[in-house]
Amino acid sequence: MGYRVGIDIGGTFTDFALLKGDEVILHKNLSTPEDRSVGVMTGLKKLAEKEGLALADFLAQCDAIVHGTTVADNTLIEMNGALTGLITTEGFRDEIEYRRGYKENIWDVRLDPPKEITPRRRRLTVPERILADGSVYKPLDEAAVREACRKLVKQKVESVAISLLFSFVNPAHEKRVAEIVAEEMPGAPISLSHQVLPRAPEYDRTSTTVVNAYVAPRVNHYLERLVERLHKAGYQKRLMVMQASGGVMTREYIEGAPIRVLASGPAGGVIGSAHVGAAKGHPNLLCVDMGGTSYDMSVVLDGAAPAEAGWNMHHRYLIGVPMVQVETLGAGGGSICRVHNGALQVGPASAGSEPGPICYGRGGVQPTITDALLVLGILEADTDFAGGSFSLTRKGVDAAFAKIGAEMGYGAEDAAFDCWRMVNANMSQAVRRTVASKGLDPKDMVMLAYGGNGPVFAAIQAEDLGIAKVLVPKASPTFSALGTLVADPAIDEERSYLSPADKVDGERLKGLWQDLEARAGRYFTDAQFANDQIKARYQLKMRYPGQNWTLAFDVRVNQSLGDLSFVDAGIGVRAVELFNERHMAEFGHVRDDEMPEITGLRLVTSVQTPSPQVSAGTSAPRAAAKAARSRRANLGRGYADTPVFRGSDLRAGSEVAGPAIIEETFTTIVVYPGWTACVDDAGDYELVRT
């Protein structure tokens with residue numbers, strides 16, 4: 001069996017997980033923001049060296065390289081995407097600003113609207129109209145399209161989004177507009193709404209297409225550059241890319257709608273969490289990922305991390321493609337600590353990897369959470385950090401916190417401790433908001449913590465939230481990278497179809513599903529997967545008349561492609577029964593006197609691939625571990641001589657009672673007072689409140 005490599009690029013570190021049979025080898029190196037593919041190739045070279053191979057020989061033996069990227073997210077965070085223009089149907093110029101009346105905080109009268117990707121001057125309309133049945137009510141005015149193109153050229157527009165009314169029913173006008181844009185604006189990337197999100201409602205489709213046009217040039221350019229470098233270095237197979245839906249697919253598929261890679265890194269971690277939780281008998285998980293730049297929260301229920309396609313607000317724009325639900329907070333090891341208007345503030349600004357925290361010794365001058373952990377004794381200077389990539393330095397750290405302390409009226413150590421308390425409180429409050437919005441009680445869940453800094457704060461956060469058990473995988477520092485190896489190749493797409501459930505046109509349903517089957521089959525074939533390997537989930541989306549939101553539910557699961565015999569005369573009746581069952585589970589009631597309506601259908605296709613093995617628990621007898629040394633540290637109850645354990649010294653059954661610090665190669669696990677950590681057969685940690 002060859003190698004399988006998972007890669008996840010974060011704001012500070014680029015993470016690697018190498019699957020070699022049942023063995024998982026981890027690696028981290030600093031990200032390279034100026035060209036992130038450089039950091040990827042650097043890490044692959046290091047993995048090759050660990051295997052005693054030249055890079056070309058190593059890549060030739062790789063069965064798969066799977067990549068999660070933050071390029072799209074960073075583009076939206078930094079708002080440095082392509083100069084984007086929009087061509088839409090006459091009368092719909094300002095729809096993108098109406099946002100269905102949505103406001104993230106209805107109580108904040110001073111909340112600014114999101115920064116415009118397409119200001120009004122770059123949103124142009126053309127006379128045309130296609131009706132809901134696909135018929136042409138008003139022909140396309142091609143002269144108006146050419147005039148719109150000339151205006152966009154004058155504004156130096158680099159990427160064009162095209163979103164015309166009901167193009168997902170009849171794309172003829174949209175296709176013709178694209179042809180004219182290609183003639184008038186040679187080389188400009190074009191995003192067509194009937195390809196990016198071929199469904200209603202209109203705002204969802206337009207917003208998703210505009211964001212796709214904004215991020216597409218950067219995402220595609222990055223992936224093209226990475227593929228070229230991999231090919232030159234000796235990798236001849238297809239690069240697989242993580243999607244926000246939790247599946248992976250080829251770069252060629254992603255190229256058509258790069259919006260699908262948005263939040264793909266965090267999605268990998270959630271998929272990995274579901275895999276680990278199921279193996280260890282914990283199907284309901286609160287997943288927390290604290291890296292160098294951000295803190296991501298998500299929930300796994302009944303062993304699954306469902307990807308919802310609908311009202312996904314991401315970076316204040318609606319993204320209609322399926323996305324694993326992840327909430328992000330600007331809190332990480334690189335979060336900058338400062339005093340603002342007399343109050344202590346931590347994040348959301350981050351020092352990133354360049355220059356990074358002060359203790360990295362790379363020119364950083366602003367104190368961060370990582371610097372605070374050094375002052376608190378949780379981390380130690382002049383020792384290997386991030387797997388030996390470099391050592392931390394204390395130089396400049398104490399002075400930076402002394403400056404914060406002087407402004408607040410106390411010393412440097414107290415300032416560092418207050419920064420620790422504040423970032424922990426921010427993360428715990430964010431978790432409470434996330435689980436409350438889902439109607440969940442964190443006390444009923446097990447926390448799974450990962451990321452380079454997740455295990456540092458996990459137990460104290462769990463205590464704040466009333467959670468009694470925390471899982472920390474040994475691979476937690478690069479867990480999102482490992483999650484990309486758990487994720488299966490998958491395509492998740494949908495189409496609009498509006499009809500009362502008792503008046504379903506079975507042939508029309510079949511035709512739409514057949515189109516989706518053909519599209520999925522083509523991409524899987526290109527990725528060298530056989531049709532008999534593909535399993536499909538056929539879903540319908542329904543609502544009661546007058547409802548704004550729809551519910552998706554399975555009609556047929558684990559079905560082979562091409563067998564649509566279930567779409568028969570009784571499909572409408574069965575759909576109503578399944579929908580009412582789903583509605584009762586979600587909202588606690590059904591409307592027996594109302595006939596639901598179908599709003600669309602969905603096809604989720606996937607191919608099962610090898611996944612890392614996970615231990616179910618500990619079979620070895622438990623025994624107290626022996627500390628390697630001790631150091632002065634503050635674990636929330638003042639400074640004290642604290643035992644320090646080396647993760648490499650611990651074996652299955654080893655127990656560590658808090659307060660204690662466990663140093664792994666790429667992370668630090670803090671066992672707070674009142675907690676006990678135990679190592680299982682795979683080297684994973686289970687922390688329990690005693």
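Let's start inside this predicted model, at its largest nonpolar core: among the 91 residues there, Val5, Leu44, Phe58 and Ile65 touch the most other members. Helix H8 gives the most to this core, with eleven residues. A second, separate core of 74 residues includes Ala331, Phe645, Val656 and Ile661. As background, nonpolar side chains tend to be buried together in soluble globular proteins.

Leaving out residues up to four places away in sequence, Valine 5 touches Phe16, Ala17, Leu18, Leu44, Leu47, Phe58, Cys62, Ala64, Ile65, Val66 and Leu485.

Leu44 belongs to the H1 side of a contact in which Arg36, Ser37, Val38, Val40, Met41 and Leu44 meet Tyr222, Arg225, Leu226, Arg229, Leu230 and Ala233 of H8. By type, the residues of this contact divide into eight nonpolar, one polar and three charged. The axes of H1 (residues 36–50) and H8 (residues 202–233) come within 9 Å and cross at roughly 30°. Angles under 35 degrees count as roughly parallel, so H1 and H8 are roughly parallel to each other. Their crossing is right-handed.

One last stop is asparagine 312, found in strand S16 (residues 312–314). Is asparagine 312 buried or exposed? Its relative accessible area is 6%, and buried means under 20%, so asparagine 312 is buried. Not counting residues up to four places away in sequence, asparagine 312 touches Tyr317, Leu318, Ile319, Val321, Met323 and Gln325. Asparagine 312 and threonine 208 are 104 residues apart in sequence, with a C-alpha to C-alpha distance of 10.0 Å in space.

Terms used. Residues numbered from 1 in each chain as written. Predicted model: local features only at pLDDT ≥ 70, side-chain atom pairs only at ≥ 80, totals over all residues. Heavy atoms only, no water. Axes fitted to C-alpha atoms, helices over the stretch in contact; angles between N-to-C directions. Helix = DSSP H or I, 4+ residues; strand = E, 2+ residues; numbered from the N terminus. Parallel < 35°, antiparallel > 145°, perpendicular 65-115°, else oblique. Left-handed = near helix turned anticlockwise from the far one by under 90°. Contact = heavy atoms within 4.5 Å. Nonpolar A, V, L, I, M, F, W, Y, C, P; charged D, E, K, R; others polar. Core = buried A, V, L, I, M, F, W, Y, C linked by side-chain atoms within 4.5 Å. Buried < 20%, exposed > 50% of the residue type's maximum accessible area, 1.4 Å probe, protein only.
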